[in-house]
Amino acid sequence: MNAEEKKRDLYLRQKELLDTLLEHGAISRAQYDKSLGDLTVKMGMEPNGEPKV
């Protein structure tokens, strides 16, 4: 697995964790949106998990 694949995998696992927290009511929709947005920008990804070009 190369560095880009590892980065994508980490992003998707972190997004999945946020999805689970939202689903179980552990975080609000606003918290989810903020955290996902921050994660997406920080990792340089698109919301679908593809690298930003």
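The following conversation concerns the predicted model of a single protein chain.

Student: What does the secondary structure of the protein chain come to?

Tutor: The predicted model has two helices and zero strands. Helix H1 spans 3–23 and helix H2 spans 29–43.

Student: And what box do the C-alpha atoms fill?

Tutor: Along the principal axes, the box is roughly 35 × 20 × 15 Å.

Student: Which residues make up the largest nonpolar core?

Tutor: Eight residues form that core: Tyr11, Leu18, Ile27, Tyr32, Leu36, Leu39, Met43 and Met45. H1 and H2 each supply at least two residues of this core.

Student: Which helix gives the largest share of this core?

Tutor: H2 does, with four residues.

Student: Let me follow up on leucine 18. What does it touch, leaving aside residues up to four places away in sequence?

Tutor: With those set aside, Leu18 touches Ile27, Tyr32, Ser35, Leu36 and Leu39.

Student: Back to the chain as a whole. What percentage of the residues is buried?

Tutor: Of the 53 residues in the protein chain, 19% are buried.

Student: Of the contacts between residues at least 6 apart in sequence, what share joins residues at least 24 apart?

Tutor: That share is 52% in the protein chain.

Student: Changing topic to charges: how many are positive, how many are negative, and how far apart are their mean positions?

Tutor: The chain has 9 positive and 10 negative charges, and their mean positions are 5 Å apart.

Technical notes:
Residues are numbered from 1 along each chain as its sequence is written. This is a predicted model: local features need pLDDT of at least 70, side-chain atom pairs count only at pLDDT 80 or more; totals for chains, interfaces and linings use all residues. Side-chain values use heavy atoms; hydrogens and water are left out. Buried means under 20% relative accessible area, exposed over 50%, partly exposed in between (1.4 Å probe, protein chains only). Contact means heavy atoms within 4.5 Å. Lys and Arg count as positive and Asp and Glu as negative; His and the chain ends are not counted. The place of a charge is taken as NZ of Lys, CZ of Arg, CG of Asp or CD of Glu. A nonpolar core is a set of buried Ala, Val, Leu, Ile, Met, Phe, Trp, Tyr and Cys residues joined through side-chain atoms within 4.5 Å.
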